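User: I'd like to learn how to read a model with several chains. Could we go through it feature by feature?

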Amino acid sequence: METITSIKPLLAVLVSLLITPMLVSSRAPNVREAWTFVAAVAKFLIVLSMLPTILKGTEIVYTVAEFLPGAAIKFRVDALGMLFALVSSSLWIITSAYSIGYMRGLKEHSQTRYFVFFAFALSATIGVAFSANLLTLYLFYEMLSLATYPLVTHHQDHEARSSGRKYLLYIVGTSIGFVLPAMLISYNLAGTLEFGKQGFLAGTGSKPLMAILLVLLIFGFAKAAIMPFHSWLPAAMVAPTPVSALLHAVAVVKVGVFSVVRVLTGVFGTDLLHSLNFGPFILLIASVTILVGSFIALSQNELKRLLAFSTIAQLSYVVLGVGLLSPKGMTGGMVHIAMHAFGKITLFFCAGAIAVATGKKHISQMVGIGRRMPVTMAAFFVASLSIIGMPPCGGFVSKWYLVLGSLEAHQMPILFVLLFSSLLNAAYFMPIVYRAFFCRPAEAMFENRVQEAPPFCVVPLVITAVISVILLFYPQPFISLATMVVQGITGT
Amino acid sequence: MTILGLIIVLSTGALLIYATVDFPAWADPASPASLHLSPHFIERTMEETSVPNIVTAVLADYRGYDTMYETTVIFSAGVACFILLRILLREEPGESLYRHVLTGVTIRVKEGAKIPPSADFERIDTLWAPHDLIIKTMCRLLIPFIQLFALYVIAHGHHSPGGGFQGGVILGASIILLAISHDLRTSVQRMREKVDALLSATGVFIYAGTGALCLLLGLNFLDYSALASVLHVDPVTARSHGILIVEIGVGIAVMATMIWIYSNVSSTGKYDEGL
Amino acid sequence: MSQQYPALLVIVPLLSAFMISGAGWVNKRLCFPIAVAALGVAAYSCIGLLLRVLDEGVIVYKLGGWDPPVGIAYYVDHLNGLVLAVVSVVAFLNLIACKKSIEQEFPEKTGPFYTLYVLMVTGLLGIVVTGDAFNLYVLLEIAALTGYGLLAMGEERAPLAALNYLYMGTIGACFYLLGVGYLYIVTGSLNMVDIAHILPDLYQSKAVLAAFIICMVGVWLKMAFFPLHAWLPNAYTYAPSAASSLIAPLVTKVMIYVMIRLILTVFTPEFAFNVLAVSKPIVWLAVIAIVMGAILALAERNLKKMLTYVIVAEVGYMVGGAWLGNRAGMTGAILHIVNDALMTLCVFLVVGNIVYKLKGYAFEDLKGLVRKMPFTMGAFVIGALSIIGVPPTCGFFSKWYLISGAIQAGQYAFMVALLFSSLVNVVLFFRVIEICYYEPFSEDHGHGHDHHPEPMAEAPLTMLVPLFIVAAGLVLVGIYTGDIVNKIIEFAIPKGIV
Amino acid sequence: MGDLIEIVVAKYNYWIYITLMMIGLYAMIVKNNLVKKIVGMNIFQTAIILYYVSTGAKRGATIPILEHGHDGHAHVIHAADYINPLPHVLMLTAIVVSVATLGVALALAIRIYHRYNTLEEDEILAQIREK
């Protein structure tokens, strides 16, 4: 696994930071949006340019500042990092297009601040994706939580203020309270924080100490919204929809899950987890989150809160996959990052489009909306299929691998959890779609006139819906990346 | 609060007394303090600085750096008192006291009112200041001799106990005696505040200046033997002259600062009525 | 000229202080330029000295040409080279930033104020550079006296707070003097290195033990270590903003430097950590200091007083770090001196700007500040992040060393205290940022028209540029922590500590 | 018992200076009037000065000024004949420092008196609490 050093990872992180002066100084909103677009495309191209080298098996390394032997601010682009960076940078292009339509549609105030902090959040996400050790990951993790605070509290009203406070308390509190000590203890035990193929904590501490470190690190990354520390996600739905679309469906929560995956594979290593059989513990907390998240989602009336709880449940699929410690399971988990991203972002875009077009937020008010916004609701249907894991959409691929993985790991209860949760997904998505299209004319709340959201909103959600369908037939980049990661880990 | 104070005091006192067990006996010639550095000072001062008074030699030369900072302490205290108390903005004077010279009757004049300036009314500082010819004349006679003695103390710091500080304080005391016996206005009239402040600054400047001069002449800071080339004399006596210059600087600084602090504190910054 | 740096860095400010005092009477406009020139030369020679120390090792400068035990000597090693550079740069930046607020608060006494300012900096630089125990006492008094003068110039409660500070400060200084006296009577010498040579066979003597305790209590009193901190909050809160942004970042850090100097050089770590089994109780005291500092800061409703309690907690960090007894803890303490000086300066400069513009620093006056003073609040956020300990800024890295030192030394209570204090800092600073970020919009809902923003009443440029330099410095020192530690602090700690 | 008395005789003066210090410290901490605290501070500083000077004492030695008669410097100087000059130098500095601190303290006390018209600490705190 030879490594080449190149500045590309640093460029990928910095490109969205460099445009902030242009964003702030641009007078006309169009110029500002153009700059955001340019930055998004540039970031995607840089990430794409690194894809071939990664697919060949080489890794790109770049050190910014050597601070301690083994704890430097250093980037290392490997298959897992590339997979996540690819997903988030591609979706940023679509989201920036969408947010132009959304912000114009609702005539939001202080949009410059919105776009500047959006760019900050993205550069932090890519920074987490490419980080080579736990310190750099922690650095960008903190930067992300601070960059997203102004986005979550964009409306600056009382509700935004209290949810912002809860957001910060959970995320910055758990990261300083749990991750910082865990990082320092592991640094003192192992002398380094670099993510190794088989982790760097193997054989350095007693079992109870390892257990403590595992608990600290898993619950420390509260962005993964694992059960006890999840309630900031529904509260963050107060943010404008593009924020919750990209951040709370793709960037922020995936950073949390990505960090947990990094910790499980890079810090502990699957063999160590196997030997200390921590697997069942991880599976337990993941499945609890999945089931409880899905049950709560059933009872939600507000669309965005429903999507939030569904995200909490879906995230734990990734943790579940990695927790299975079987090759298929891990591949399924990692691929799910991508599949869920495209599916969930489409759902959030639909929620935003409905809000822009009709101003409705609650499902009970969306009876018969299919007549008025057929395209949006069709995309909604496709995306919900992908989330449930039904064949025509990409979600099926990751569910498939997860099921194979659980069989491979001989974990029957996990198989049951997977199937039952898919059932629950269907239970809370299908009624919405059914009532949107096939409701009795009497209850229809909308006349038949087709009145879609502005094109800037509808086009992106159609694109993402189409992509999630294509992903079933051509999941190549993500599958190959995931299998490469798993081969690297299990050495098969 | 008193119990807490008592506990603190008793505990520190116990600790300190407990520690005296290891002290050398009082005035024991073989105590570490008198075996380590002092013999060097006593035996070598005469040949290194040709100054008989070892204390002045150590004060101004061996540990001259300490003394420079000590003078800076006095100077900074003067500036601090000035900045804290001095009221520069001329708001209208409050009520003032006048005394009729012949009959000794004192008159209190409310704010704003004025007394036509005439010879037989003299302004006094406070109600109970006795109009006493004896004190005034005696002080007027004594002050020059006090100042003369002060100059002797400064100049003879080399040979007899004395030096910059003691002489400076006596000089300052003579002016303060004037302020007490007469009134602050006469002493301020003799020694303007501006002159006073500038003198205290120049005094310490002389001290630090000679040190800087030695620096410029190539040797380390405050190394008076560098003055040999300037004073055209051998390094040892150059040290002795260096000490003398420095003592004069200290004398000036201490005098000026004492007067400055006294006039600020006694008139609480208004400079019109002293004690 | 370069071998005269040790003398220059103290003499130039001293001489210029007298010139400023004279200029104050002759022509007021000259005072500021002389002060800036003096502190500029001092900063230049400090940095030059540090570079010289880096390649030549310990530099001895004999004052008055006499050999050390007889005369007074400077021992400039890596430790005080680093602290010198920080003190002089902080003082220089603060002078430039405070020019306008000084002229606004006491227009007719700027001359004496600058004199006291420069004398204060001379005292602090002298404390850091001197190698003689008694000389350190005299310089302590200069720094203290000028401090009382500067602090007392503030609002109506300032004189009372300054007088309380004077009482506690004088007790502290006299305790230190008494400690030196006890050392002198048993060793006969005043020179730090000389004492260190004589002490080893006196380790069992009770006088040395008492001297150590008395010196420590004196230094703790001067640095406001928790049980003895009563004077600090009022003294710094009611002081003029120029004085508080000079004294807050420097005096407590210099006193911690003195404590570390006492441990490392005078009483030698072998005595401090091994002969006396004191490090565990002292670390517990530090834990209490951190926790109480954090809690008291939570209770405050005005920004400046809250920050003073944060300083009390930071002092707990450094004392605890120094007394962990291992290399990581000591490195963390020394690094935290540098970081905390910069962080406190950044935050107090922000308060200075706010007071210069709004005349008030209670939470109610800070409403809507992000819109009115965006740049100042930007620097405040960076300062807050550094105090909380968020990675790119330097606060994180010193906390990193302190916590790893605590783990290695097995003092888990200290680690928990550090984390607790970071969490409380999160609440403290984001409460303030929330007030500044939100307040004006709360009455009407976010949507709706883009309402008229208040005019941007930003502080003048001369106050903003130093603030940006310090904020950038926080990040730069953070990134270059590796070099600072490996090149400077590594040699500052004697080999004895593992 | 004998050596106990012997120790006491040898060290009694240190104990006196320590008790003087503690009186000063007690006054500073406990006294309510600000000026009385200043007086306590002065006692404390003077006691330390006395302590330092006593470290310099030498039995049977005279003040550290060499009679250098005009016959040049023939005779050798014995350290035992003169008392130890170093503490005296140090205490010159300490005296000056205590005077300076006294001056500033009095200046502050005057400022406080102008502001609160009282020097009793409890009355001042009562006034502050009223505001």
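Predicted model: local features only at pLDDT ≥ 70, side-chain atom pairs only at ≥ 80, totals over all residues.

User: Now the sheets, please. What is the general idea of strand pairing?

Analyst: Strands of a sheet pair through backbone hydrogen bonds, and the pairing is either parallel or antiparallel. In chain A, three strands form an open sheet in the order E1-E2-E3, with mixed pairing. Strand E1 (3–5) and strand E3 (71–77) of chain A are the edge strands, each pairing on one side only. From one strand to the next, the twist averages 35 degrees.

User: How do E1(A) and strand E2 of chain A run, parallel or antiparallel?

Analyst: They run parallel, and three bridges join E1(A) to strand E2 (residues 59–68) of chain A. To find a place to look, take A:Thr5: its bridge partner in E2(A) is A:Val61.

User: What is the strand order of the open sheet in chain B?

Analyst: The order there is E2-E1-E3, for a sheet of three strands with antiparallel pairing. Strand E2 (106–109) and strand E3 (121–124) of chain B stand at the edges with a single partner strand each, so one side of each has no neighbour in the sheet. The average twist from one strand to the next is 35 degrees. Strand E1 (residues 96–100) of chain B is joined to E2(B) by four bridges, and B:Tyr98 stands opposite B:Ile107 in E2(B).

User: Which residues touch the most other members of the largest nonpolar core?

Analyst: They are A:Leu83, C:Leu151, C:Cys346 and D:Leu108, out of 548 residues in that core. Leaving aside residues up to four places away in sequence, A:Leu83 touches A:Met334, A:Ile337, A:Ala338, A:Phe478, A:Leu481 and A:Ala482.

User: On to interfaces. How is the size of an interface often given?

Analyst: It is often given as the accessible area lost when the parts come together. Here we can read the contacts by residue instead. Between chains D and B, the contact takes 45 residues from chain D and 47 residues from chain B. H3(D) gives the most to the side of chain D that touches chain B, with 16 residues. By class, that side has 30 nonpolar, 11 polar and four charged residues.

User: How many residues do chain B and chain C bring to their contact?

Analyst: Chain B brings 48 residues and chain C brings 52 residues. On the side of chain B that touches chain C, helix H1 (2–19), helix H3 (54–62), helix H4 (64–85) and helix H8 (193–216) of chain B each supply at least two residues. The largest share of that side, 14 residues, comes from H4(B). Its residues divide into 33 nonpolar, eight polar and seven charged.

Notes. Residues numbered from 1 in each chain as written. Chains lettered and ligands numbered in written order. Contact = placed C-beta atoms within 7 Å. Nonpolar A, V, L, I, M, F, W, Y, C, P; charged D, E, K, R; others polar. Core = buried A, V, L, I, M, F, W, Y, C linked by C-beta atoms within 7 Å. Buried ≥ 20, exposed ≤ 12 C-beta atoms within 10 Å, placed from the backbone. Pairing = 2+ DSSP bridges. Axes fitted to C-alpha atoms, helices over the stretch in contact; angles between N-to-C directions.
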